[in-house]
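Here is a short report for a first look at the structure. Please keep the sequence and the 3D view at hand.

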Amino acid sequence: MLLKLKEKTIISKQVDSIIGWEDSTVYEPIWINSDHIESMSFAGLTILRMTSGQKHEVQSTPEEIVEMMTNGK
C-alpha cells in the first residue's frame, strides 16, 4: 500500500553577500510503500527506516501511519 506522507526537507537560499546563506525547513509530499517500512521511531518527527537502508523523516506520528495502513488510506 502506498502512503502519502510529508518529508522534512532543508532548503538553503542566499540572503545577501554579507549574511550569506539561510536554511529553512519545508515539508514536501513523498509516497512510501508501506511494505518497505522496516521500523519507525518517534523523535519529534517520525523516522522511517526502509528495507533499502534509507531513512525518511516525516511529520506523521507512528500511530497515524499505522492507522493509515490499517484503514487503507
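Which residue of strand 2 does Lys13 stand opposite? Lys13 stands opposite Glu22.

## Basis of the model

This is a predicted model; local features need pLDDT of at least 70, side-chain atom pairs count only at pLDDT 80 or more, and totals for chains, interfaces and linings use all residues. Residues are numbered from 1 along each chain as its sequence is written, and side-chain values use heavy atoms, with hydrogens and water left out.

## The hairpin

Strand 1 and strand 2 form a hairpin, with three residues between them. Strands here are DSSP runs of E with at least two residues, numbered from the N terminus. The two strands pair in the antiparallel sense over 14 bridges; pairing takes at least two DSSP bridges.

Ile19 sits in the loop between strand 1 (2–16) and strand 2 (20–33). Its relative accessible area is 59%, so Ile19 is exposed (over 50%; buried is under 20%, partly exposed in between, with a 1.4 Å probe and protein chains only).

## Thr46

Thr46 belongs to strand 4 (residues 45–50). Is Thr46 buried or exposed? Thr46 counts as buried because its relative accessibility is 0%.

A polar atom of the Thr46 side chain lies 2.4 Å from the backbone oxygen of Ser60. Leaving out residues up to four places away in sequence, Thr46 touches Met40, Ser41, His56, Glu57, Val58, Ser60, Thr61, Pro62 and Ile65. Touching means heavy atoms within 4.5 Å.

Note on methods. Helix = DSSP H or I, 4+ residues; strand = E, 2+ residues; numbered from the N terminus. Polar contact = N/O pair within 3.5 Å; in protein donor to acceptor, adjacent residues only side chain to side chain.
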